[in-house]
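I opened this notebook to record what I looked up in one protein structure. The entries follow the order in which I consulted it.

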Amino acid sequence: GVRVPQGMQGESFLLSLMLMFEACKTGQAEGGCQLSNETSFWHPYIKVLPKTFSAPIFWNDLELQELKGSQVMDMLNADLAQARREWNVMKTELVDKDPGIFCSSCFNFERYKWAAWNIHSRALTLQGVKYLIP
């Protein structure tokens, strides 16, 4: 079987990777990748997903100034640190090892946040298992 690297076992993490991979195949990311000419079963679903979010994790530095010194900023920093750790595992274990498939226009921290937030806001948990259902 396939060995899943340490730090990549969580369902949300794996679903985020799958969503990034399938979004790349559908041409939903900027730039050209080896995957962008393939077809995806998920294309109709990905096409209706939001491209951007208004959640603070996506705010720019100017917008984040409004949260400075608040408990929300502390929570956001913790969430960003966790997302960065997860991304660094994905980057080290997959992206850096095969840039022909995991191109930087589809597989980068901003795209990881996009995929993870879509999973977080749309996946269903049934009987303890997380599902992304088209």
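This is a predicted model: local features need pLDDT of at least 70, side-chain atom pairs count only at pLDDT 80 or more; totals for chains, interfaces and linings use all residues.

**Entry 1**

Residues are numbered from 1 along each chain as its sequence is written, and side-chain values use heavy atoms, with hydrogens and water left out.

I then searched for the partner of K97 and found a salt bridge with E93, in which the closest N and O atoms are 3.4 Å apart. A salt bridge here is a side-chain nitrogen of Lys or Arg within 4 Å of a carboxyl oxygen of Asp or Glu. E93 is listed as partly exposed because its relative accessible area is 25%.

**Entry 2: The other salt bridges**

How many salt bridges does the structure hold? I counted four. One of them joins the side chains of K91 and D96 at 2.9 Å, N to O. K91 has a relative accessible area of 31% and is therefore partly exposed; D96, at 45%, is partly exposed as well.

Another joins the side chains of K25 and E22 at 3.4 Å, N to O. Both of these residues are buried. I located K25 and E22 in helix 1 (residues 11-25), three residues apart, about one turn of the helix.

**Entry 3: S40 beside E22**

I next looked up S40, which lies in the loop between helix 1 and helix 2 (43-48). S40 has a relative accessible area of 13%, so this residue is buried. The S40 side chain makes a polar contact with the side chain of E22 at 2.4 Å. A polar contact is a pair of N or O atoms within 3.5 Å; within protein, one must be able to donate a hydrogen and the other to accept it, and residues adjacent in sequence count only if both atoms are side-chain atoms. Leaving aside neighbours within four places in sequence, S40 is in contact (heavy atoms within 4.5 Å) with E22, K25 and T26.

**Entry 4: The chain as a whole**

I recorded five helices and two strands in the protein chain. Helices (H or I, at least four residues) and strands (E, at least two) are DSSP runs, numbered from the N terminus. From that end, the elements run α-α-α-α-α-β-β. The chain has 134 residues, of which 35% count as buried. Among contacts between residues at least 6 apart in sequence, 66% join residues at least 24 apart.

**Entry 5: The nonpolar cores**

Which residues of the largest nonpolar core touch the most other members? Among its 28 residues, I found these to be L19, M20, W87, M90, F107 and W114. Helix 1, helix 2, helix 4 (71-95) and helix 5 (109-122) each supply at least two residues of this core, and helix 1 gives the most, with seven. A second, separate core has six residues, including A55, I57, L67 and M73. A nonpolar core is a set of buried Ala, Val, Leu, Ile, Met, Phe, Trp, Tyr and Cys residues joined through side-chain atoms within 4.5 Å.

Not counting residues up to four places away in sequence, L19 touches I46, L49, W114, A115, N118 and I119. I also checked S16, placed in helix 1. S16 counts as buried because its relative accessibility is 1%. With the sequence limit of four places again applied, S16 touches Y112, A115, A116 and I119.

**Entry 6: The end of the chain**

Is L132 buried or exposed? L132 is buried, because its relative accessible area is 9%. I placed this residue in the segment after strand 2. L132 and S12 are 120 residues apart in sequence and 9.5 Å apart in space, C-alpha to C-alpha. Beyond residues up to four places away in sequence, L132 touches L15, M18, W42, Y45, I119 and A123.

Conventions. Buried means under 20% relative accessible area, exposed over 50%, partly exposed in between (1.4 Å probe, protein chains only).
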